[in-house]
Amino acid sequence: MASFHSKTVDGGLVMRLSDSPYVDVFAYGTFIAAILLLPLVMDDPFWLNRIAKYLVFGMLGVAIALSWGYAGILNLGQGLFFGIGAYMVAMSLKLQSFTSLQQGSDTPVPDFMLWNAQPGAPTDLCCIVPGSWIWQPFQAQWFGMVMSVIVPVVISYILATAIFRLRVSGVYVAIITLALVLLARLLLIDAQPLTNGFNGLTDLGWLTVAGIEFDPYLTATYYIIAVSLSVVLILARLLTSTRAGLILQSTRDDPKRSRFLGFDVAAYQVFFFTVSAAIAGFAGMLYVIAAEFASPSFMDLTFSISMVVWAAVGGRNSLLGACIGAILINTIEASASETELLQESWRAIVGLIFVLVVLYLPRGLAGIGQEAVDWIGRKAGISGRSRSGRASNPSAAE
Amino acid sequence: MSNPALVIDGLSVDFGGFKAVDGFSTVIDDGELRVVLGPNGAGKTTMMDLITGNTRATGGTVTMYGKDITNHTEHEIARAGLGRKFQIPSVFRDLTVFENFEVAVTKQRGVFGNLRFGLRADEKQQLDQIIELTQTGDVIDKRAGELSHGQMQWLELGMLIAQESRVILLDEPTAGMTQGETYRTSQIINALKGKHTIIVVEHDMAFVREIAEKITVMHLGKMLAEGRMEAIENDPKVQDAYLGSGGIH
């Protein structure tokens, strides 16, 4: 097994090439170019739509890496924010659906509400079932889209403030978030007249912007998602390179030291937890646009845990690594599920991969990539430009 | 006359009946270097925990430059100008030495004020001086977790200097150091004299002789004696307290 801290070879004087900002720019640039150019080589709309969904999962990988890798907060309930984001936009798209306009009313009404309504209830969002008025503002598509991000932000802010002001940390945060996502799922299913319960929101309309309808199988829809992922990746990466991002990492390493340096640790944790939730909510919105449904399965425990597995395999300390991990595992999973033998055993295989990565590759695929870059750097005698602005001198290490 | 750096008045903490610190009082002047001595269990580290807000006091007050800081949160006390070095080196192990300094030198502590890139010129200048003083230039791009024990201690000292604390508490800064490393540490601390008010908890008498001006001896959570080195060494109360542990040496 390769050692990740090459103490002897570095001699401490040489900066790792993988620490160089140029390597990062190259890696992110290559990835973004790859996803943007993909439609040129893949003309099967079915697969393009599939990949679009995996890019959304890649965005979830970014959200997990930000909270788990950079902040040291293991959120086992990220599906809560993904699910909320998905439902918010799905409500709007449901009201835009053709069937919602055919329920014998001037205003759109979701079909399932009719099935759940008391006999004689007025066919209008105001009062067809108790609480259905909450759907009214979702008649505007922009409202659902904005709420996809705002509601996760508000909920995560309140939740994180409660958790981190009380200095809850480590496994307790994982347990609280895990319990919350299960609770939310239960409430969602229980509110059947409003949410269609187990069945979720299906038969949705298409995203319509300026009169253009975004059929999920259009290349344009793929581009909405690919560009969104690129922007999220770049912004998140920039955010982690700010001073605030550095301070956040310091609170992960030693919160006590950060406090004694004068930093309000909870404020940093709340901020980044909320950013992570916003990304998850945004991902939920994009997923609905590509998949045309929202379902309580988004809040299943297995889904939230899967996200953590993707990030671990890809490398939780790397936003790009976690993103690629998510895309890779899902692509392999899709191929595996078409083979009958693997269909059943796939979950076990993913579990095994997870265990192996945790044991032998704590930095995941990103760690392998960094090792490779450092190896090339040593062979070629190139080292990174140090943050401290001091020239590194490879020969001095001998 | 300026305010004293630190006024500790009747400071006490009660851990369910056990008084680790029991009515401890002292006044530390601006720019003073005070050494706190005491046998094991005298309450030295607990006293530091109380001053820095790490443990809540059940009685008494701590005033720093005229401002009451008793039982404030750690980050508020740190912002008021108090820095602390722990017994076990406490640095950000996954960050490089430079990044550790970068965090420490940040004077604007809020999240939104820190959504910025790079170092300001004044920060850079300050860090250059600290790297010089702590001689960490050779390991500046190493992860802090890979440093030797001594280097880690100097890094932590350097971070306190970067933080520009007016009052610095050092808890056994030479614990586990070789003789050479101890000497280097005493040089760093002597270089800080005058610019900062320093309180050192220490056992190593050779080191204490190297740096000490005024000494406070603690015993069973109380102040036992206070004065200059020679006076303390000849104090019969102090000799009694140390009898069980073989006297001061």
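Of the 249 residues that make up chain B, 46% count as buried. Keep in mind that this is a predicted model. As for overall shape, a compact globule with 249 residues would have a radius of gyration near 18 Å, and chain B comes in at 18 Å, so the two agree. The C-alpha trace of chain B spans about 55 × 40 × 40 Å along its principal axes. Take the contacts in chain B between residues at least 6 apart in sequence: 66% of them join residues at least 24 apart.

In secondary structure, chain B comes to nine helices and 10 strands. Six strands form an open sheet in chain B, ordered 6-7-8-3-9-10, with mixed pairing. Strand 6 and strand 10 (222-228) of chain B sit at the edges, each pairing on one side only. From one strand to the next, the twist averages 20°. Inside the sheet, strand 3 and strand 9 of chain B pair in the parallel sense over four bridges, and Val36(B) stands opposite Thr216(B) of strand 9.

Then there's helix 1 (residues 44-52) of chain B, which lies across strands 3, 6, 7, 8 and 9 of that chain. Helix 1 runs at about 150° to strand 7 of chain B. Here are the residue ranges for some of the strands just mentioned:

| Strand of chain B | Residues |
|---|---|
| Strand 3 | 33-37 |
| Strand 7 | 167-171 |
| Strand 8 | 197-201 |
| Strand 9 | 214-219 |
| Strand 10 | 222-228 |

Leaving out residues up to four places away in sequence, Gly158(B) touches Phe101(B), Ile130(B), Thr134(B) and Thr136(B). Gly17(B) is another story: it is 141 residues from Gly158(B) along the chain, and their C-alpha atoms are separated by 39 Å.

Now for the interface. Here 32 residues of chain B are in contact with 31 residues of chain A. On the chain B side, the elements giving two or more residues are helix 2 (74-79), strand 6 (82-85) and helix 3 (97-105). Helix 3 of chain B makes the largest contribution to that side, with five residues. Sorted by class, the side of chain B that touches chain A has 12 nonpolar, seven polar and 13 charged residues.

Helix 3 of chain B turns up again around helix 10 (residues 243-253) of chain A, being among the elements that cover its buried residues. The cover from chain A includes helix 3 (45-70), helix 9 (219-241), helix 11 (255-260) and helix 12 (265-291). Helix 10 of chain A is mostly covered, with 11 of its 11 residues buried. Those buried residues include Arg243(A), Arg252(A) and Asp253(A), along with Leu246(A), Ile247(A) and Leu248(A).

Finally, the largest nonpolar core has 179 residues, and Leu55(A), Val62(A) and Ala283(A) have the most contacts inside it. Helix 12 of chain A supplies the largest share of this core, 20 residues. What does Ala283(A) touch, not counting residues up to four places away in sequence? Its contacts are Val56(A), Met59(A), Leu60(A), Ala63(A), Phe82(A) and Gly85(A).

Notes. Residues are numbered from 1 along each chain as its sequence is written. Chains are lettered from A and ligands numbered from 1 in the order in which they are written. This is a predicted model: local features need pLDDT of at least 70, side-chain atom pairs count only at pLDDT 80 or more; totals for chains, interfaces and linings use all residues. Two residues are in contact if their C-beta atoms, placed from the backbone, lie within 7 Å. Ala, Val, Leu, Ile, Met, Phe, Trp, Tyr, Cys and Pro count as nonpolar, Asp, Glu, Lys and Arg as charged, and the others, Gly among them, as polar. A residue is buried if 20 or more other C-beta atoms lie within 10 Å of its own, exposed if 12 or fewer, and partly exposed in between; C-beta atoms are placed from the backbone. A nonpolar core is a set of buried Ala, Val, Leu, Ile, Met, Phe, Trp, Tyr and Cys residues joined through C-beta atoms within 7 Å. Two strands pair if DSSP finds at least two bridges between them. Axes are lines fitted to C-alpha atoms, for helices over the stretch in contact, and angles run from 0 to 180 degrees between N-to-C directions. The radius of gyration is taken over C-alpha atoms; the globule rule is 2.2 Å times the number of residues to the power 0.38.
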